[in-house]
Amino acid sequence: GHTFTKKLSHRGPDNLGTWYKKSEGIFLGHTRLSIIDLSKESNQPFHQNNQHLIFNGEIYNFQELRSHLISKGDEFHTHGDTEVLSHFLRRYGVSKLDDIDGMFAFANYMDRRLTLATDIFGEKPLYWSKQKDGFYFSSEPAPLVEMLKLVITTDESFHQEFNTLGYLSSSKTMFEGLYKCEPASLFIIDNPTDIKKSIYWKRPEIHIGRGKVLPLNEAELDDIANLILDSLSKRIYSDVDMGLFLSSGIDSSLIACMLKKDLKRDVLGLTVSFDKNQIHNESIRAKAIAEYLNMEHL
């Protein structure tokens, strides 16, 4: 397990941690990219009595959840979001997963029960495979493919779908017996033969109005701006230097403006450029935007 965990070191070069209990047939491995709370106390697997957590992602509202948990009597020893997630799961189990605002994939082992979950948009990947000797999971396919000697599927419909769309829909992968977790996936595993899979959140139904589309009024524009600012302010918490991919499109340009004007944050703008005549080059416009905002730009 340690050998295959090392194959994910490119995802997290700052620390490699493992934990296993042979008598219960459980192994957890994690490679860390330190962003929030750089101390070793936030390394993973994160242990709390009989609870063991590995977590990939970021909990945007972790400070709000932390305050709530403190009011319930919980005590904290770090200032990171990993410990917050650990306490949250210990107190509420999986009953309030949609209270977590973030991008995540986690595995939580407690009382001989393994719980896996992904965020509601599926931003953080998680792959799994059920074999005769157990249940395996990873944030990338490669370790599982090598460890389990998985072979590419011979189902021609998979190849046709990939060639048509450029990706595979739903939980499909190109390997036999390997699946990708869908958004808001929840697995509760008490043993390799008792696996309960469900979706814990579904997108609300959208009712499209009829008639003429009216322009937004000033109050509605202010509401949208405030929502964006609130969302942005939660997502820029970091204990390391922060950068912004500035493509010169509407989204990244708006975020750059709000960071500078409203949140008073100086960040490094990064733009990927290409040689002329090969592909659309956004670097010239991005440079102009960065200069206008007096933003350092590469």
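Which strand order does the open sheet of six strands have? I traced it as β3-β4-β5-β6-β10-β11, with antiparallel pairing. I count two strands as paired if DSSP finds at least two bridges between them. Helices (H or I, at least four residues) and strands (E, at least two) are DSSP runs, numbered from the N terminus.

**Basis.** I worked on a predicted model, in which local features need pLDDT of at least 70 and side-chain atom pairs count only at pLDDT 80 or more, while totals for chains, interfaces and linings use all residues. Residues are numbered from 1 along each chain as its sequence is written, and side-chain values use heavy atoms, with hydrogens and water left out.

**Cores.** I define a nonpolar core as a set of buried Ala, Val, Leu, Ile, Met, Phe, Trp, Tyr and Cys residues joined through side-chain atoms within 4.5 Å. Buried means under 20% relative accessible area, exposed over 50%, and partly exposed in between (1.4 Å probe, protein chains only). The largest core has 23 residues, of which Leu-97, Ile-100, Phe-104 and Phe-106 touch the most other members. The elements β4 (51–59), α2 (62–71), α3 (81–92), β5 (102–110) and β10 (185–191) each supply at least two residues, and α3 gives the most, with five. Leaving aside neighbours within four places in sequence, Leu-97 is in contact (heavy atoms within 4.5 Å) with Leu-89, Phe-106, Ala-117, Leu-186 and Tyr-200. A second, separate core of 16 residues includes Trp-19, Ile-26, Leu-126 and Ile-189.

**Helix α4.** In α4 (residues 141–148), I found Pro-143, Leu-144, Val-145 and Leu-148 buried. Their cover includes α1 (2–6), β7 (127–131) and β8 (134–138). Lys-149 follows the helix with a positive phi, near 55 degrees.

**Salt bridges.** I searched the whole structure and found 13, taking a side-chain nitrogen of Lys or Arg within 4 Å of a carboxyl oxygen of Asp or Glu. Arg-11 and Glu-140 form one, with the closest N and O atoms 3.1 Å apart. Arg-11 lies in the loop between α1 and β1 (15–21) and Glu-140 in the loop between β8 and α4, 129 residues apart. Arg-11 is partly exposed at 28%, whereas Glu-140 is buried at 17%. Lys-234 and Glu-64 meet in another (3.4 Å, N to O). Lys-234 belongs to helix α6 (residues 218–235) and Glu-64 to helix α2, so this pair ties together parts 170 residues apart in sequence. I also recorded a network of salt bridges linking Lys-21, Glu-24 and Arg-112.

**Cysteines.** How many disulfides does the structure hold? I found zero, a disulfide being a pair of cysteine sulfur atoms within 2.5 Å. Cys-181 is buried at 8% relative accessibility, and Cys-257 is partly exposed at 32%.
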